[in-house]
Amino acid sequence: MKIICVGRNYADHAKELKNDLPTEPVLFLKPQNAVLAPDKPFLYPEFTKDLHYECELVVRMCKNGKYIQEKFANRYYDEMTLGIDFTARDLQREQQKKGLPWEIAKAFDNSAAVGQFQPITEHTDVQNLSFLLKKNGETVQTGHTADMIFNVNRIVEYASQFFTLNIGDLIFTGTPAGVGPVLVGDRLELVLDGITVHTVDIK
Ligand code: MG
């Protein structure tokens, strides 16, 4: 199982980090060890002093596929939730400055918190969902999936050119504006279309 993540998929977030808008999806991967078990707290790692949350829509693949066309891509995933792409922003900035890969800032153990999956039915429009992240009860990040630069089906098409997508793989579809730091003692709550799908305590 692997996790494919999209960077800079919301214009307002690309702007807040002073990045140009991409013309193709910006992909990076997290390994299986990055998944934070649902009932476990997130332990603040010692290698960063600037850990950020990034709340994102996550879809789970239900079929294996390669060279999936955008128009058929919706047949390849059938569950969705919200996740947190935990990011060591200080390490990411250092790596980017040197032009180096950013896995140490993005793909470390437990860096992918994943909420409870919700079924995608024929009535679900994954490009018409609102979501938010609360920190200690206060809403700090809000997003709407209509604002993605590359929609989920385009991401599946693009990613599957390079990587065979397998049942159980997760796709983190990018974060909207409003990313920010977390501290030990914080509680993060993820709300998808009015449903709390996950709560993560930082310890
Ligand atoms: Mg992200």
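# Briefing: strand pairing, a magnesium site and a pocket

Strand β10, residues 130-135, pairs with β11 in the antiparallel sense over 6 bridges. Two strands count as paired if DSSP finds at least two bridges between them. Strands (E, at least two residues) and helices (H or I, at least four residues) are DSSP runs numbered from the N terminus. This is a predicted model, in which local features need pLDDT of at least 70 and side-chain atom pairs count only at pLDDT 80 or more, while totals for chains, interfaces and linings use all residues. Residues are numbered from 1 along each chain as its sequence is written, and side-chain values use heavy atoms, with hydrogens and water left out.

**The four-stranded sheet**

- Strands β11, β10, β14 and β15 form an open sheet of 4 strands in that order, and the pairing is antiparallel.
- The edge strands are β11, at 138-144, and β15, at 195-201, and each of them pairs on one side only.
- Another bridge to β11 joins Leu133 to Gln141.
- β10 also pairs with β14, in the antiparallel sense and over 5 bridges.
- On that side, the bridge partner of Phe131 is Leu192 in β14.

- Most residues other than glycine have a negative phi.
- Asn136 is not a glycine, yet its phi is positive, at about 50°.
- Asn136 lies in the loop between β10 and β11.
- These two strands make a hairpin with 2 residues between the strands, and Asn136 takes its positive phi there.
- Asn136 is partly exposed, at 47% relative accessibility; the classes are buried (under 20% relative accessible area), exposed (over 50%) and partly exposed (in between), found with a 1.4 Å probe on protein chains only.
- Asp193 is not a glycine and has a positive phi of about 50°.
- The loop that holds Asp193 runs between β14, at 187-192, and β15.
- With a relative accessibility of 46%, Asp193 counts as partly exposed.

**The three-stranded sheet**

- An open sheet of 3 strands has the order β7-β4-β13, and its pairing is antiparallel.
- β7 (87-88) and β13 (180-181) stand at the edges with a single partner strand each, so one side of each has no neighbour in the sheet.
- Strand β4, residues 51-53, is joined to β7 by 2 bridges, and the two run antiparallel.
- His52 stands opposite Thr87 in β7.

**Strand β5 and its partners**

- β5 and strand β6, residues 77-85, pair in the antiparallel sense over 7 bridges.
- In this pairing, Glu56 stands opposite Gly83 in β6.
- β5 also pairs with strand β12, residues 170-172, in the antiparallel sense over 3 bridges.
- Arg60 has Leu170 in β12 as its bridge partner.

**The magnesium site**

- Glu54 (OE), Glu56 (OE) and Asp85 (OD) coordinate the magnesium ion at 2.0 to 2.1 Å.
- Donors are N, O and S atoms within 2.8 Å of the metal (3.2 Å for Na, K and Ca), and water is not among the atoms, so sites may look incomplete.
- The donor residues are spaced E-x1-E-x28-D in sequence.
- Glu54 is buried, with a relative accessible area of 4%.
- Glu56 counts as buried too, at 0% relative accessibility.

**The largest pocket**

- The largest pocket holds about 190 Å³ of space.
- A pocket is an open set of points on a 1 Å grid over the protein atoms alone, where a 1.4 Å probe fits, with protein on both sides within 12 Å along at least five of seven lines; lining residues have an atom within 4 Å of a point.
- Grid points are joined across faces, edges and corners, and the volume is the space filled by probe spheres set on the points.
- Its lining has 18 residues, of which His13, Leu17, Asn19, Arg89 and Gln92 lie nearest the centre of the pocket.
- β1 (3-7) and α2 (89-97) each supply at least two lining residues.
- The largest share of the lining, 4 residues, comes from α2.
- By class, the lining has 4 nonpolar, 7 polar and 7 charged residues.
- Nonpolar means Ala, Val, Leu, Ile, Met, Phe, Trp, Tyr, Cys and Pro, charged means Asp, Glu, Lys and Arg, and the others, Gly among them, count as polar.
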